[in-house]
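Reader: I am new to this structure and would like to know what stands behind the words used for it. Please take me through the terms one at a time.

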Amino acid sequence: MWGDSKPMFKSQEEIPDYFPSTPRNDWSIGLVKLVTILVIFMAGVVIGLSISAHFGRYYNSQTDLFFPSAMYTSSCEKDCMDFKNFVKPSNLMHTMTDQQLYWRASLVPKMEEFPFNRVPKVAFLFMTRGPLPFAPLWDRFFKGHAGLYSVYVHTLPDYRLNVSKDSAFYGRQIPSEEVSWGSITLVDAEKRLLANALLDYSNERFVLLSESCIPVFNFPTVYEYLINSAQSYVESYFIETPQCEGRYNRRMAPHITLDQWRKGSEWFELSRELAVNILSDVKYYSLFRKLCRPSCYPDEHYMPTFLHMFYGELNSNRTVTWVDWSRGGPHPARYGAVNITVEFIQSIRNNGTCLYNGRPTSVCYLFARKFAPSALEPLMNLTSTVLEF
């Protein structure tokens, strides 16, 4: 009985499939897979187009990707400084501090040749507290000589010159600071004028003037005299008087000794080389700022002493601005309308002899001071005769 009995369980191969897969279910799974692939593909296309559009704003070609010219020229019309403005600033106003200005102005090109047509100019540096009463006389002096001169004016900080647009002084004020007579601030004003003028690489000679100065020769004579000069004109001397030796501070030694101490008129004329050297000096200027006070008058001692110490061969030790100290006192004589005659102007123009480029000459003074505003009208009447401009 037991031998004839059949097995109670069938092998796995023999178990019938009660849940066979249908063709409908296979089709649904395939559709889901297809839709998923399409969604992923479309998402990739959208992302790709978005990225392409984003980069397309900045790079129009593969060349731009590596050499993006747009980033160098996009705002150049507004923000870039061209070469013309670098060698000759069109606007004298700026926001530089004195230290920044001096650093910028003391830069000296190493290349001997200029990459532009450089015509050397004379820079006329006017230091005044207010109006320029002789502006009409100077305008007549400058007339017809554009391109051979530059004008710079240092005034009180809040003062604005009232001149016509065709005047040589129009728009020529520089950023200025308060100045006190007899203090180091006068030297600061002189350096500020020099620095602003040095920004124009065509300026070759620099002459300091005041509102009471006048020219005693015409422009061609002044220009040729200064441009062709081998030396500068800074008065420098030593005398054993309280007004010279008596102002020396022995605490300046050993940097400045008594035998190096010099005095002279502040109304200087400088070559570009010496102007840069004076502007670059920090050591000796700092000594004067600290030790030349009170009643020392650094404007009468700093440049004469500094040039004597280091650049004596480049200086004539005389001034080209005539002034009359014969009456004594702390200020020179002042001349008004009643003093202005042909003979008076001629006496200034032929006042002794001096050396010019190593040779004697009777032309020693190109400018004169000190003149009152009332002298303007009679001086204007002399421009076509004795003054010849």
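**Terms and the values behind them**

Author: In this predicted model, the axes of helix H10 (residues 272–280) and helix H12 (residues 302–310) come within 11 Å and cross at roughly 105°.

Reader: Why is H10 called roughly perpendicular to H12?

Author: Angles of 65 to 115 degrees count as roughly perpendicular. The crossing angle is roughly 105°, so H10 is roughly perpendicular to H12.

Reader: Which residues of H10 and H12 meet?

Author: Leu-274, Asn-277 and Ile-278 in H10 meet Tyr-302, Met-303, Phe-306 and Leu-307 in H12. By class, six residues of this contact are nonpolar, one is polar and none is charged.

Reader: What makes the sheet mixed?

Author: Its four strands stand in the order E2-E1-E3-E5, and the sheet is open. Strand E1 (residues 121–127) and E2 run parallel, and E1 and E3 also run parallel, whereas E3 and E5 run antiparallel.

Reader: Why do E2 and E5 stand at the edges?

Author: Strand E2 (149–154) and strand E5 (269–271) each have a single partner strand, so one side of each is left without a neighbour in the sheet.

Reader: What lies across the sheet strands, and how many residues of E3 are buried?

Author: Helix H8 (residues 184–198) lies across E1, E2, E3 and E5, running at about 150° to E1. In E3, seven of eight residues are buried.

Reader: Why is Lys-263 called buried?

Author: Buried means under 20% relative accessible area. Lys-263 has 11%, so Lys-263 is buried. Its place is in the loop between helix H9 (219–227) and E5. Among the residues in contact with Lys-263 are Tyr-237, Cys-244, Arg-247 and Pro-304.

Reader: What makes the approach of Lys-263 and Glu-300 a polar contact?

Author: The cut-off for N or O atoms is 3.5 Å. The side chains of Lys-263 and Glu-300 are joined at 2.9 Å, so this is a polar contact. The backbone oxygen of Gln-243 lies 3.4 Å from a polar atom of the Lys-263 side chain.

Conventions:
Residues numbered from 1 in each chain as written. Predicted model: local features only at pLDDT ≥ 70, side-chain atom pairs only at ≥ 80, totals over all residues. Heavy atoms only, no water. Axes fitted to C-alpha atoms, helices over the stretch in contact; angles between N-to-C directions. Helix = DSSP H or I, 4+ residues; strand = E, 2+ residues; numbered from the N terminus. Parallel < 35°, antiparallel > 145°, perpendicular 65-115°, else oblique. Contact = heavy atoms within 4.5 Å. Nonpolar A, V, L, I, M, F, W, Y, C, P; charged D, E, K, R; others polar. Pairing = 2+ DSSP bridges. Buried < 20%, exposed > 50% of the residue type's maximum accessible area, 1.4 Å probe, protein only. Polar contact = N/O pair within 3.5 Å; in protein donor to acceptor, adjacent residues only side chain to side chain. Lists of a residue's contacts leave out its neighbours within four places in sequence.
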